[in-house]
Amino acid sequence: MFAYSEDSYESYDSYEVPDAVTSAYLNSAGFDASDPRIVRLISLAAQKFICDIANDALQHCKVRSSNVTTKSTKTKDRRFTLTMEDLAPALAEFGITVRKPPYYV
């Protein structure tokens, strides 16, 4: 059970999803949230969801790139690129299916 306290609310000032964006999506879905704490809580939940998907996609990318080893790049200086090959399995773990349009196949 989530217990609300003023201290825990103030500690989450560095959220990434703006309240205006969250409010716009809530209004388009028919949810009128007049309390800014509710909007902030939903913004935090959305941010965690996005971070979990991005982290899973990064793990898929690391596993995929470890299979193709190159000795010319160092592991500390390696940069990863988010691709659909990595994002699709990460989204599938959360029950979201992504398909390419037929003209890209």
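Author: Start with the side chain of arginine 40, which makes a polar contact with the side chain of aspartate 19 (3.1 Å). A polar contact is a pair of N or O atoms within 3.5 Å; within protein, one must be able to donate a hydrogen and the other to accept it, and residues adjacent in sequence count only if both atoms are side-chain atoms. This is a predicted model, in which local features need pLDDT of at least 70 and side-chain atom pairs count only at pLDDT 80 or more, while totals for chains, interfaces and linings use all residues. Residues are numbered from 1 along each chain as its sequence is written, and side-chain values use heavy atoms, with hydrogens and water left out.

Reader: Is arginine 40 buried or exposed?

Author: Buried means under 20% relative accessible area, exposed over 50%, and partly exposed in between (1.4 Å probe, protein chains only). Arginine 40 has a relative accessible area of 13%. Therefore arginine 40 is buried.

Reader: In which helix is arginine 40 found?

Author: Helices (H or I, at least four residues) and strands (E, at least two) are DSSP runs, numbered from the N terminus. The run that holds arginine 40 covers residues 36-67. That run is helix α3.

Reader: How far does α3 reach from its first C-alpha to its last?

Author: The expected span of a helix is 1.5 Å times one less than its number of residues. α3 has 32 residues, and 46 Å is expected at 1.5 Å a residue. The span in the model is close to that, at 47 Å.

Reader: How many disulfides does the structure hold?

Author: A disulfide is a pair of cysteine sulfur atoms within 2.5 Å. Cysteine 61 is buried at 6%, whereas cysteine 51 is partly exposed at 39%. The number of disulfides is zero.

Reader: What separates aspartate 52 and lysine 48 along helix α3?

Author: Their side chains meet in a salt bridge (2.7 Å, N to O). A salt bridge is a side-chain nitrogen of Lys or Arg within 4 Å of a carboxyl oxygen of Asp or Glu. Because aspartate 52 and lysine 48 are four residues apart in α3, their separation is about one helical turn.

Reader: How many residues apart in sequence are the parts tied together by glutamate 85 and arginine 64?

Author: Glutamate 85 forms a salt bridge with arginine 64, with the closest N and O atoms 3.5 Å apart. Glutamate 85 lies in helix α4 and arginine 64 in helix α3, so the pair ties together parts whose separation in sequence is 21 residues.

Reader: Which residues are linked with Arg64 in a network of salt bridges?

Author: Arginine 64 is partly exposed at 36%, while glutamate 85 is exposed at 56%. The search of the whole structure finds five salt bridges. In the network, Arg64 is linked with Glu85 and Asp86.
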